[in-house]
Amino acid sequence: MSDQTSFNLLSFLTDFAVRLDAHGVILQASELSRTFLKYPASLTGEQISVFIQPEDMAAFLEAKEMAALIGEKQPFVCRLLRQHALHVWVDCHIYRLQGQDEYVFIAFDASHWKASEAKLAMLSTHDPLTQLPGRLLLDDRIRMGINNAVREKQGLALMLLDMDGFKKVNETLGHQAGDKLIKAIAQRMQGVIRRNDTLARIGGDEFALIMSVTGDDRKKGVEIIAKKLLAMAQRPFQIDGNDLYISVSIGIAIYLEHGDDPAALLRHAEIAMYNAKEQGRNRWELYDPRFDASKKGNLSLEAAMHEGIQNGEFLLHYQPVFCMQTGVLKGAEALMRWDRPGYGLVSPGKFIPLAESSGMIEILGSWALRMACHQAKLWQEAGVLDFYVSVNVSPSQFRKPGFADLVKNALDESGLAHSSLMLEITEGVLMNNPEKSNAILSGLRDAGVKIAIDDFGTGYSSLSYLKKFPLSVLKIDKSFVDDVPKCAEDVAIVSAVLNLAAGLGLKVVAEGVEVEGQLEFLKAKGCDLVQGFLTGKPMNAATFREKCIPCLP
Ligand code: C2E
Ligand code: CA
Ligand code: CA
């Protein structure tokens with residue numbers, strides 16, 4: 001069988017199959033490979049390293065070297081990057097084609113067994129770090145607790161405890177310190193609870209306490225323990241020479257009143273716990289059926305988002321930005337969409353706030369950045385000159401250590417010129433910690449990236465700060481554009497912003513331009529750029545190319 005025939009055959013049998021040259025450049029790729037990675041363009045000509053999780057490159061290189069040395073296929077496991085950012089575990093083989101310095105690299109989707117492996121570890125009976133019962137024993141212990149409570153005619157309460165701000169400890173002091181903190185808090189909790197109660201560790205920083213409650217006033221008994229637990233967490237923890245101040249949020253469900261089986265009690269305790277977090281953390285909440293309507297929706301939305309990320313359901317739409325005076329295409333704003341099965345396209349207004357509060361914005365944000373850079377590079381290569389892409393950056397993303405590196409990596413990976421990327425941030429981000437923000441922005445400016453202030457006018461509107469920061473663009477918020485030229489006040493505001501920007505050497509994008517009258521007014525006032533439904537709604541990449549860059553082959 002020829003190499004070509006074998007490759008075709010492999011293409012049908014595997015999720016991912018590519019032929020590589022000695023330097024890792026993809027010479028040939030199966031059609032399935034592209035769909036597997038949800039990649040918008042051909043893989044041929046790309047470096048394989050672009051598609052491998054950076055931490056796994058060593059495993060890949062080692063297997064490749066061994067394959068060359070021994071002449072046999074080498075198995076290994078790694079993560080491939082979907083849409084440049086979301087990883088998927090794969091089971092791989094690499095072998096060297098005989099007589100040539102070329103390699104065939106094939107992979108099979110291993111996300112299922114990786115997921116079960118993680119689940120198994122989590123479900124294991126005892127948590128190795130704290131020696132407490134793990135998730136697997138929990139249902140069983142709740143059931144035992146219920147039987148016991150019925151027999152002894154006692155009450156039973158299930159408390160879920162989640163540490164507030166644990167992620168920050170992990171991020172700033174490292175996982176080892178995080179582990180020490182978990183151990184320390186588990187020890188302290190054991191000192192607070194009674195011998196017959198069961199404490200379990202059911203997630204990274206989440207604990208469950210099953211306690212029997214005696215006496216007539218069951219809520220009172222629960223309250224005493226909850227208060228003790230809050231107090232125990234508030235005393236500082238000494239970890240690696242640091243005094244760590246943390247707190248916990250507690251959700252409580254009581255047997256029979258809030259559920260008669262482990263699943264119902266757990267669900268309700270969890271809802272109560274989320275409510276405690278939302279009410280400002282460092283507090284406890286007893287389950288109340290009224291929580292359901294709001295919280296259940298969010299919990300399942302969060303779960304669906306997790307799944308959506310895995311399944312590549314997120315995509316970017318692009319809204320064109322034109323030169324107001326000449327009508328020439330100048331750039332595009334990347335706007336995130338979620339193609340949620342059964343719901344259609346979900347707007348970012350619905351999921352970005354949740355992504356922010358749950359931490360998922362990090363992965364989504366970095367994906368959007370990489371994807372947008374890559375797309376802009378493709379359009380530039382196709383011939384649109386002088387074209388920039390603008391990416392929204394959420395406050396938590398901006399403040400996260402390493403944000404500037406994330407941006408630089410996205411640019412390097414895509415090969416996009418640094419000056420073709422604009423980041424959109426809001427005024428609030430600048431004002432929150434002006435010194436720190438300025439340092440981050442200066443770093444980005446030195447790297448050549450442009451910064452735009454989004455929704456300008458709706459935030460602090462403190463104009464003096466504009467000079468202080470290295471900015472390039474102001475985006476006048478749609479709410480000011482809506483009523484020009486009719487409303488005299490808005491006319492005054494827009495005119496003032498345009499004058500101010502001219503004085504500071506900043507360009508202005510007018511957002512949300514919907515009708516000719518607005519466009520005429522802004523144009524006459526000398527506004528530089530326009531973005532709105534009148535000149536183009538947000539659209540997917542294929543439509544964008546068709547409609548906004550039609551002259552290209
Ligand atoms: P934004 O940054 O102010 O984005 C502009 C929003 O105005 C977009 O809504 C766009 O579709 C809409 N728009 C543009 N022109 C017009 C117009 O003429 N009329 C009307 N009625 N609307 C117009 P969208 O796409 O729903 O995005 C909403 C917000 O979600 C964005 O507001 C942005 O704050 C956030 N967002 C979107 N994508 C991302 C992202 O990738 N990361 C982050 N952190 N936030 C994002
Ligand atoms: Ca924006
Ligand atoms: Ca805006």
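## Lining of the second largest pocket

Strand 14 gives the largest share of the lining of the second largest pocket, with five residues. This is a predicted model. The pocket holds about 750 Å³ of space. Its lining counts 35 residues. Nearest the centre lie Glu333, Leu335, Pro348, Asn392 and Asp454.

Strand 14 covers residues 329-340. Other elements that each supply at least two lining residues include strand 13 (314-323), strand 16 (388-392), strand 17 (421-426) and strand 18 (450-456). Helices take part too: helix 11 (348-358), helix 12 (361-381) and helix 13 (395-399) each bring at least two. By residue class, the lining divides into 15 nonpolar, 11 polar and nine charged.

## Calcium site

Asp454 belongs to the group nearest the pocket centre. Asp454 also coordinates the calcium ion (ligand 3). The other donors to this ion come from Asp455 and Glu511. The donor residues follow the spacing D-D-x55-E in sequence.

How do Asp455 and Glu511 stand in accessibility, buried or partly exposed? Asp455 has 26% relative accessibility, so it counts as partly exposed. Glu511 has 11%, so it counts as buried. The cut-off for buried is under 20%.

## Backbone features

Which residues does a cis peptide bond join? They are Val484 and Pro485, with omega about 0°. Pro485 lies in the loop between helix 18 (478-481) and helix 19 (488-504).

Lys38 has a positive phi of about 50°, although it is not a glycine. Its loop runs between helix 2 (31-36) and helix 3 (57-70). Lys38 has a relative accessible area of 32% and is therefore partly exposed. Lys153 likewise is not a glycine, and its phi is positive at about 55°. Lys153 sits in the loop between helix 5 (135-152) and strand 6 (155-164). With a relative accessible area of 71%, Lys153 is exposed.

## The whole chain

The protein chain has 553 residues, and buried residues make up 50% of them. Its secondary structure comes to 21 helices and 21 strands. Along the principal axes, the C-alpha trace spans about 80 × 80 × 50 Å.

Contacts reach across the sequence. Among those between residues at least 6 apart, 61% join residues at least 24 apart. The accessible surface comes to about 26,000 Å². Carbon and sulfur atoms account for 53% of that surface.

Key:
Residues numbered from 1 in each chain as written. Chains lettered and ligands numbered in written order. Predicted model: local features only at pLDDT ≥ 70, side-chain atom pairs only at ≥ 80, totals over all residues. Heavy atoms only, no water. 1 Å grid on protein atoms, 1.4 Å probe; cavity = no way out; pocket = protein on both sides within 12 Å on 5 of 7 lines; lining within 4 Å. Points joined across faces, edges and corners; volume = space filled by probe spheres on them. Helix = DSSP H or I, 4+ residues; strand = E, 2+ residues; numbered from the N terminus. Nonpolar A, V, L, I, M, F, W, Y, C, P; charged D, E, K, R; others polar. Donors = N, O, S within 2.8 Å, 3.2 Å for Na, K, Ca; no water. Buried < 20%, exposed > 50% of the residue type's maximum accessible area, 1.4 Å probe, protein only. Contact = heavy atoms within 4.5 Å. Areas by Shrake-Rupley, 256 points an atom, 1.4 Å probe, with all protein chains shown as cover.
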